[in-house]
Amino acid sequence: MMLDERKKKILQAIIRNYLETGEPVGSRTISKYTDLNLSSATIRNEMADLEELGYIVQPHTSAGRIPSDKGYRLYVDSMMEENAKQVEELKEMLVEKEEKMDHLLKQVAKVLAVNTNYATMITAPRCQRNKLKFIQLSRVDENQLLAVIVIEGNVIKNSMISVSEHLDDETMLKLNMLLNTHLNGLSIEDISLGMITALKQQAGHYGTIIGDVIDAVAETIKEDDDLEIYTSGTNNIFKYPELADNQRASELINTFEEKQLLSQLIDDSEVSEPGTGIKVYIGEEAPIQTMKDCSIVTANYEFGEGMKGTIGIIGPKRMDYEKVVGTLKTIKVQLDALYQQDDKKKLP
């Protein structure tokens, strides 16, 4: 007999409550615990059916019910299937989004270079807040667990965790619930030593695994992904005599080709001027030595869920500041609006 949606929700509520309290669960508790708005009498009837079907058992006369192995199995399979589906959908969405984003940002850099006659750069958006969205632990084999860690911006990371013993479904379920109940929505700075100690104590024998998972989360959140930087218009440098002599031009072009040298500029520009989101570096103010004879104007754009990127225009000190600042403001607004449009399309 297949369980209808109401029985499934009641079974889930029984299991979750039992995992939290360790006490048999009664109908009165479930009537407050679920969003079904059912009377205790109706819930008792449904619980009787679940017991007859073998999903819950009554350990003592007149006591509440606890999950059976069969009940745990259904709950674990459903939870893992749902989480796996969410992760897969996220991956598919991100691959499609990244392909579109890659093309868009290259075009933005090119248009800026053509319109301004200066060198331009733009970074792919990256997560700034780095808060944990959820964790999914699953078994790979007897000695390894896979931790799928999703952080804000829907960045997905996988981490392998070694274990010294086989973990059954109930243990996996408890560990998943323990981690997600206490860590979701937190940044690494929010996860204190006291919280880690408390989680390890709640996990008991499996405290070491909790510690390993938190280490993996910390590594994921702090991980410095390769920064994607798209550039265009480097040859425009030769249009300005003060930048076109062999040594200066060579150093500037090398900075653009090595791209990671631009990370100093990106890190500095992320602290933008209040109110405008625009930052201007003139000559010696530039954070990159090879750009001390240039002026640089940067703007930060937002792409939702803590994702931010930087746009920059590099030219001579005599650049047309009014035009450059106006152009960057326009591009910034358009990129910000682009995310809002995409976000609205996802709304039902």
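## Helix packing around helix 5

Helix 5 passes helix 6 in a right-handed crossing. The model is a predicted one, and in it the axes of these two helices come within 11 Å and cross at roughly 155°. Because angles over 145 degrees count as roughly antiparallel, helix 5 is roughly antiparallel to helix 6. On the helix 5 side, the residues in this contact are Leu175, Leu178, His182 and Leu183, which meet Met195, Leu199, Gln202 and Ala203 of helix 6. Classified by residue type, this contact comprises 6 nonpolar, 2 polar and no charged residues.

Helix 5 also packs against helix 1, at an angle of about 80° and with the axes 11 Å apart. Helix 1 is therefore roughly perpendicular to helix 5. Here Ile15, Arg16 and Leu19 of helix 1 meet Leu173, Lys174 and Met177 of helix 5. By class, the contact of helix 1 with helix 5 holds 4 nonpolar, no polar and 2 charged residues.

| Helix | Residues |
|---|---|
| Helix 1 | residues 5-21 |
| Helix 5 | residues 169-183 |
| Helix 6 | residues 193-203 |

As to confidence, the chain has an average pLDDT of 79, and 82% of the residues score at least 70. Over residues 343-348 the pLDDT is below 50. Beyond near neighbours in sequence, the stretch of residues 343-348 has 2 contacts in the model.

Methods. Residues are numbered from 1 along each chain as its sequence is written. This is a predicted model: local features need pLDDT of at least 70, side-chain atom pairs count only at pLDDT 80 or more; totals for chains, interfaces and linings use all residues. Side-chain values use heavy atoms; hydrogens and water are left out. pLDDT is the predictor's confidence in each residue, from 0 to 100. Contact means heavy atoms within 4.5 Å. Axes are lines fitted to C-alpha atoms, for helices over the stretch in contact, and angles run from 0 to 180 degrees between N-to-C directions. Helices (H or I, at least four residues) and strands (E, at least two) are DSSP runs, numbered from the N terminus. Angles under 35 degrees count as roughly parallel, over 145 as roughly antiparallel, 65 to 115 as roughly perpendicular and the rest as oblique. Ala, Val, Leu, Ile, Met, Phe, Trp, Tyr, Cys and Pro count as nonpolar, Asp, Glu, Lys and Arg as charged, and the others, Gly among them, as polar. A crossing is left-handed if the near helix is turned anticlockwise from the far one by less than a right angle, and right-handed if clockwise.
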